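Hi everyone, thanks for coming.

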Amino acid sequence: MSKPSPEVYERGRGMDAHNKVMRDIRSRKQKTYDPHEPTRVWIDEDNTPDGVYDSLTIILNTGGCRWARAGGCTMCGYVAESVEGGTVAHEALMDQIRVCLDHEAEEMDDGEQAGLIKIYTSGSFLDEREVPAETRDAIAETFADRDRMVVESLPDFVTREKLADFTDRGLETDVAIGLETATDRVRHDCVNKYFDFADFEDACEEAAAAGGGVKAYLLMKPPFLSEPEALDDMKSSIRRCAAVDNCHTVSMNPTNVQRYTMVDELFFNGGYRPPWLWSVADALRETADVDAIVVSDPVGGGQERGAHNCGDCDELVFKAVKDFNLRQDPSVFDQVSCDCEATWEFVLDNETSYNMPLVK
């Protein structure tokens with residue numbers, strides 16, 4: 001399997017140039033972060049193979065994604081929120097967990113607890129440079145009384161031994177893998193991610209060996225793709241992921257423009273528009289027949305830096321997407337319409353990857 005480093009591809013194949021540009025962009029970050037406070041925490045609802053659960057989502061503040069420090073993905077600015085120095089001590093990470101438990105106690109009614117715990121690091125929870133084995137075991141013990149657990153990781157770090165910390169405690173455990181696309185060329189050249197679809201399939205097998213499952217994260221409209229290219233790639237990627245054994249959920253993440261990224265540079269210069277919410281809805285509608293749960297969470301939806309339409313219909317389409325996530329019923333999209341659909345259809349017919357975006 002490919003290994004994350006600035007030299008993961010040999011010189012001259014392009015990734016080294018991507019990484020140099022990304023390191024230059026990321027070096028502009030000024031803000032620092034407290035290693036005892038999580039990056040974010042919130043309560044939500046999630047659809048799982050066992051039904052809909054109240055979920056506690058935790059984004060731990062770690063030393064940051066190893067690949068992002070090498071250069072990293074063109075759209076991801078999360079490493080800019082990481083702690084300086086590359087590592088966070090076990091005690092500080094557990095302090096973050098306690099802050100999240102306090103938040104849950106404040107937000108949930110009458111001492112209730114979320115049945116689903118989702119832990120992200122904006123990198124790889126299973127990378128022991130980010131989260132030491134001692135901390136992983138302690139977190140598994142902390143949440144051993146819950147029903148389900150989701151942890152985030154690149155496929156390199158997915159092993160049955162690491163997942164056993166959770167599955168051996170009786171937790172239904174899923175690995176969320178940022179695959180971004182099932183098309184290797186798009187993942188390498190548009191997202192600047194080093195692994196192949198075959199590596200994702202291998203990670204699915206490893207998770208299965210531990211008794212866990214996989215949730216694939218796909219990126220709607222990476223840079224350098226037109227709207228119709230991005231939509232076609234998303235539909236085919238959802239279908240390819242759903243066909244992989246042990247990949248039971250596909251989460252489509254529309255690109256949002258984050259600071260200290262190549263996407264931000266393109267956006268600032270008029271060379272990138274986030275996807276239309278109509279494209280998000282269309283991808284969900286057209287793949288509703290696959291044998292997997294397909295969901296989407298348009299971060300920044302309705303805003304200029306997130307997936308958006310004309311502004312008048314954004315909230316209605318966003319609500320339809322959230323409704324689809326829980327019900328998996330494509331008819332929810334029949335209830336929303338707007339004059340701007342004609343503009344979106346024009347874009348699908350006419351926008352190409354070798355021109356600037358046709359509309360904002």
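Okay, a word on naming: helices (H or I, at least four residues) and strands (E, at least two) are DSSP runs, numbered from the N terminus. What you see is a predicted model, where local features need pLDDT of at least 70 and side-chain atom pairs count only at pLDDT 80 or more, while totals for chains, interfaces and linings use all residues. Residues are numbered from 1 along each chain as its sequence is written, and side-chain values use heavy atoms, with hydrogens and water left out.

Let's start with Ala242, which belongs to helix α8 (residues 227-242). Is Ala242 buried or exposed? Ala242 is buried, at a relative accessible area of 13%; buried means under 20%, exposed over 50%, and partly exposed in between, using a 1.4 Å probe and protein chains only. What does Ala242 touch, leaving aside neighbours within four places in sequence? Its contacts (heavy atoms within 4.5 Å) are Cys247, Val250, Val290, Asp291 and Ala292.

Now the aromatics. A pair of aromatic rings is described by the distance of the centres and the angle of the planes. Here, rings of Phe, Tyr and Trp (its six-membered ring) pair if their centres lie within 6.5 Å; planes under 30 degrees apart are stacked, over 60 edge-to-face, and the rest tilted. Searching the whole structure turns up six aromatic pairs. One of them is Tyr120 with Tyr217, edge-to-face, 6.3 Å centre to centre and with 75 degrees between the planes. Tyr120 sits in strand β3 (residues 116-120) and Tyr217 in strand β6 (residues 213-220), so this pair ties together parts 97 residues apart in sequence. Both of these tyrosines, Tyr120 and Tyr217, are buried. Then there's Phe324 with Phe333: centres 5.6 Å apart, planes at 35 degrees, so that pair is tilted. Phe324 and Phe333 are buried too.

Last up, helix packing. Helix α10 (residues 277-286) packs against helix α11 (residues 314-327) at about 25 degrees, their axes 10 Å apart. Those axes are lines fitted to C-alpha atoms, for helices over the stretch in contact, with angles running from 0 to 180 degrees between N-to-C directions. α10 and α11 are therefore roughly parallel to each other; that covers angles under 35 degrees, with over 145 roughly antiparallel, 65 to 115 roughly perpendicular and the rest oblique. And who makes the contact? From α10 it's Leu277, Trp278, Val280, Ala281 and Leu284, and from α11 it's Asp314, Val317, Val321 and Phe324.
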